[in-house]
Amino acid sequence: MLGTTVILAFRAINRHKLRSFLTTLGIIIGVAAVVTMVTLGNGATAAVREQISSLGANVLQLRPGQGFGRGGGGPRPPDFKERDLTAIENQLTGVRAVAPVVQSSGTAIYEGNNWSTTVYGTTSAYSEVQQWKVTDGRLFLPEEEAAGKSVCIIGNTVRTNLFQGAEPVGKRMRIKGVSCQVVGVLATRGQGGFGDQDDVVVMPIKFVQRRFTGDRDISQIMVAVDDAYDSATVQNSLEELMRERRKIKAGDQDNFNVFDTKQISDTLTGTTTILTQIVGAVAAISLLVGGIGIMNIMLVSVTERTREIGIRLAIGAVAREVLMQFLVEAIVLSCLGGLIGLFLALIASVAIAPLMQVPFLFDPKVNLIAFLFSAAIGVVFGYFPARRAAALNPIDALRHE
Amino acid sequence: MAPNTANSPIISLRRVTKVYGEGPTAFQALKGIDLDIKQGDFVAVMGPSGSGKSTTMNILGCLDVPSGGEFLFKGRHVETLDRDQRALLRRRYLGFVFQGFNLLSRTTALENVELPLLYRGEDKKQRYEMGMAALDKVGLKDWWDHTPAELSGGQQQRVAIARAIVTQPDVLLADEPTGNLDSERSVEIMELLTDLNRNSGITVLMVTHEPDMAAFARTIVHFKDGLVERIEQGLAA
Ligand SMILES: Nc1ncnc2c1ncn2[C@@H]1O[C@H](COP(=O)(O)OP(=O)(O)OP(=O)(O)O)[C@@H](O)[C@H]1O
Ligand SMILES: [Mg+2]
């Protein structure tokens with residue numbers, strides 16, 4: 001009996017190609033839309049994560065003051081000293097690397113080219129903290145750091161604008177009026193969430209302190225957390241240590257702040273996840289609309305086909321057999337539509353992902369859910385109108401015009 | 001239960017009534033039909049419009065159920081059967097021909113004829129052979145791959161007859177089979193029905209308004225106001 005109904009269902013689909021196509025179209029569009037949107041959304045999330053990890057994940061940034069909204073007009077909280085750096089290195093557990101930073105902005109000059117950029121004074125540990133490799137040349141030598149020699153490592157943007165194709169390593173350029181030798185070039189990091197990360201000149205901190213800032217203060221300490229440790233715990237110990245060192249009484253406000261880059265990463269990831277969910281919800285609605293389209297066509301088709309149902313019943317078909325035929329038809333059309341939809345989504349995602357500069361990530365779960373959902377819609381909406389028709393008295397069905 | 005011998009009727013109606021609708025709008029279409037149909041008979045049913053001919057045919061064809069009375073088919077009570085049992089009875093013993101042909105559109109003559117065999121579960125080869133044999137009987141063997149749209153009215157009705165007889169039914173029910181045809185085509189259909197009745201032993205029941213067509217029958221039943229008015233011998237008897 002199943003064999004018979006399958007034959008009948010395929011014959012009916014084959015004989016009514018336009019009707020079958022329209023029925024399938026709703027599913028195709030619904031599935032293609034939902035899968036494409038979710039796939040691209042996932043790609044976007046992954047791209048954001050990638051950019052965040054390029055910031056150097058799990059880095060605690062220790063700064064004086066009370067965070068970004070430094071309120072009140074009191075005295076400026078003191079910067080950090082080298083003693084603080086040593087204390088962090090020696091007394092804090094869960095720390096992978098610690099780097100001091102002083103910052104200064106100025107113009108770099110090489111053979112008549114000018115480029116305005118930011119100078120970071122730090123140590124070789126900076127590269128380790130930021131997980132930032134030197135592609136050409138080398139890091140600072142320990143004796144260069146100890147002596148505060150006039151050497152620098154430049155970012156790729158500086159290289160492009162200042163050297164314009166010439167090999168920079170070994171050349172001497174001027175920065176803020178001081179001559180310095182380029183010893184290395186940093187790997188490209190691209191546009192992070194915070195502007196061009198490649199627009200930097202990195203120099204030994206001692207040199208920057210001596211020639212540019214004029215004191216031995218450290219304006220920022222970057223602490224890279226060991227992956228095996230929880231960054232929140234390390235942050236707490238860091239805060240405790242600093243309160244102790246800066247003699248802040250219990251109950252008083254901190255005059256420093258620790259900013260966890262993981263927080264930004266979590267926030268941004270959360271935002272894109274929400275975006276993906278919203279996009280997914282919109283797509284799910286389109287899938288539902290597609291389903292209603294199918295229901296509509298199935299309903300119209302059953303009305304149109306009532307006379308056919310009457311003929312089948314009159315020549316001896318049992319209602320169950322007629323119903324089975326419609327059910328098989330609905331299943332075949334929905335599954336076919338689902339598969340075509342998945343295929344189109346694949347093509348669309350692969351084509352659009354590069355345009356949006358996000359990676360293409362195939363998510364089997366999304367594909368499966370969309371497919372099952374579409375099939376279920378087709379079956380449910382194909383089944384119920386057919387059941388109504390099959391319940392008709394054959395004579396009434398035959399008279400139906 | 002009566003034994004199924006050649007002498008006992010294949011169909012018996014006893015005080016059969018049919019009421020359409022309910023309450024004040026209810027309409028009694030049949031007011032107590034008593035009718036026996038002998039095996040192998042060719043019966044023409046005549047009567048004015050609205051006298052209950054189609055209603056009776058639908059009950060006889062197990063397409064509809066009587067509101068009251070008894071209906072025996074081959075000695076078995078049919079009025080107590082459920083939907084599916086009646087469908088199986090139609091599948092096994094009955095063939096239908098309608099005034100409006102009622103063929104499936106976009107479907108070839110052969111596939112239309114094969115349809116009842118599909119529901120019977122015959123295999124492909126058997127379906128083809130029986131289907132072609134039935135088309136041959138109605139003289140349309142060469143038209144097997146034509147769809148209804150490509151056939152004339154008379155040809156369509158002959159395909160419908162082929163579909164009705166392909167299962168070798170005991171009874172062929174035809175409600176105004178020539179109602180949509182001109183007189184020449186009508187005579188061809190009547191000759192076909194006569195042939196099936198004489199040579200294949202099929203009991204034929206046919207509704208008609210035309211005395212010319214009723215002349216092909218052995219028995220003529222006259223209906224009036226939901227009752228059998230009289231039964232007479234036909235010219236073919
Ligand atoms: N489904 C129905 N609902 C209500 N009344 C009906 C229904 N079918 C038939 N009738 C009524 O029952 C009566 C008998 O109808 P029936 O179709 O049996 O007549 P008939 O003898 O076949 O007439 P005709 O020669 O016009 O075909 C008619 O008055 C008709 O209006
Ligand atoms: Mg009638």
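Over all chains, the count of salt bridges comes to 24. The structure is a predicted model, and every value below is computed from its atoms.

Within chain A, one of these salt bridges joins A:Arg159 to A:Asp136, with the closest N and O atoms 3.1 Å apart. The pair links distant parts of the chain, since A:Arg159 belongs to helix α6 (residues 156-163) and A:Asp136 to strand β4 (residues 134-137), 23 residues apart. A:Asp136 has a relative accessible area of 26% and is therefore partly exposed. A further salt bridge in chain A is formed by the side chains of A:Glu308 and A:Arg305, at an N to O distance of 3.2 Å. Both partners fall under the 20% limit for burial: A:Glu308 is buried because its relative accessibility is 14%, and A:Arg305 is buried because its relative accessibility is 4%.

Between the chains, the side chains of A:Glu321 and B:Arg91 meet in a salt bridge with an N to O distance of 2.5 Å. This pair runs from helix α11 of chain A, where A:Glu321 is located, to helix α2 (residues 83-93) of chain B, which holds B:Arg91. A:Glu321 and B:Arg91 are both buried. In chain B, the residues B:Arg158, B:Asp182, B:Glu184, B:Arg185 and B:Glu188 are joined into one network by salt bridges that share partners.

Ligand 1 is placed between chains A and B. There are 14 residues around ligand 1, and those that come nearest are B:Ser49, B:Gly50, B:Lys53, B:Ser54 and B:Thr55. Two elements of chain B, β2 (27-37) and α1 (53-60), each supply at least two residues of the shell. The largest share, 3 residues, comes from α1(B). Polar contacts to oxygen atoms of ligand 1 include one from a polar side-chain atom of B:Thr55 at 2.5 Å. An N or O atom in the side chain of B:Lys53 is 2.7 Å from an oxygen atom of the ligand, and a polar backbone atom of B:Ser51 is 3.3 Å from an oxygen atom of the ligand. On its own, ligand 1 has 630 Å² of accessible area, of which the protein covers 65%.

B:Ser51 is part of the loop between β3 (42-46) and α1 of chain B. With a relative accessible area of 2%, B:Ser51 counts as buried, because burial is set at under 20%. Residues up to four places away in sequence aside, B:Ser51 touches B:Ala29, B:Phe223, B:Lys224, B:Asp225, B:Gly226 and B:Leu227.

A:Arg96 is located in strand β2 (residues 95-110) of chain A. Its relative accessibility is 29%, so A:Arg96 counts as partly exposed. Beyond its neighbours within four places in sequence, A:Arg96 is in contact with A:Glu128, A:Val129, A:Gln131, A:Ala224, A:Val225 and A:Asp226. The side chain of A:Arg96 reaches the backbone oxygen of A:Glu128 at 3.0 Å. The C-alpha atoms of A:Arg96 and A:Asp227 are separated by 8.2 Å, although these residues are 131 residues apart along the chain.

On the surface of chain A, a nonpolar patch is formed by A:Leu336, A:Ile340, A:Phe343, A:Leu344, A:Leu346, A:Ile347, A:Val350, A:Phe360 and A:Phe362, which together have about 790 Å² of accessible area. One of its members, A:Ile347, lies in helix α11 (residues 319-355). A:Ile347 is partly exposed because its relative accessible area is 45%, and patch members must have over 30%.

Chain A contains 13 helices and 12 strands. Of its 401 residues, 50% are buried. Among contacts between residues at least 6 apart in sequence, 78% in chain A join residues at least 24 apart. The accessible surface of chain A is about 19,100 Å², with 60% belonging to carbon and sulfur atoms.

Chain B contains 7 helices and 10 strands. Buried residues account for 55% of its 237 residues. For contacts in chain B between residues at least 6 apart in sequence, 68% join residues at least 24 apart. The accessible surface of chain B is about 10,400 Å², and 47% of this area belongs to carbon and sulfur atoms.

Technical notes: Residues are numbered from 1 along each chain as its sequence is written. Chains are lettered from A and ligands numbered from 1 in the order in which they are written. This is a predicted model: local features need pLDDT of at least 70, side-chain atom pairs count only at pLDDT 80 or more; totals for chains, interfaces and linings use all residues. Side-chain values use heavy atoms; hydrogens and water are left out. Patches are made of residues with over 30% relative accessible area and no salt bridge: like charges are joined within 9 Å, nonpolar side chains (Val, Leu, Ile, Met, Phe, Trp, Tyr) within 5 Å. Accessible areas come from the Shrake-Rupley method with a 1.4 Å probe; for residues, only the protein chains shown count as cover. A salt bridge is a side-chain nitrogen of Lys or Arg within 4 Å of a carboxyl oxygen of Asp or Glu. Helices (H or I, at least four residues) and strands (E, at least two) are DSSP runs, numbered from the N terminus. Buried means under 20% relative accessible area, exposed over 50%, partly exposed in between (1.4 Å probe, protein chains only). Contact means heavy atoms within 4.5 Å. A polar contact is a pair of N or O atoms within 3.5 Å; within protein, one must be able to donate a hydrogen and the other to accept it, and residues adjacent in sequence count only if both atoms are side-chain atoms. A residue is near a molecule or strand if one of its heavy atoms lies within 4 Å of it.
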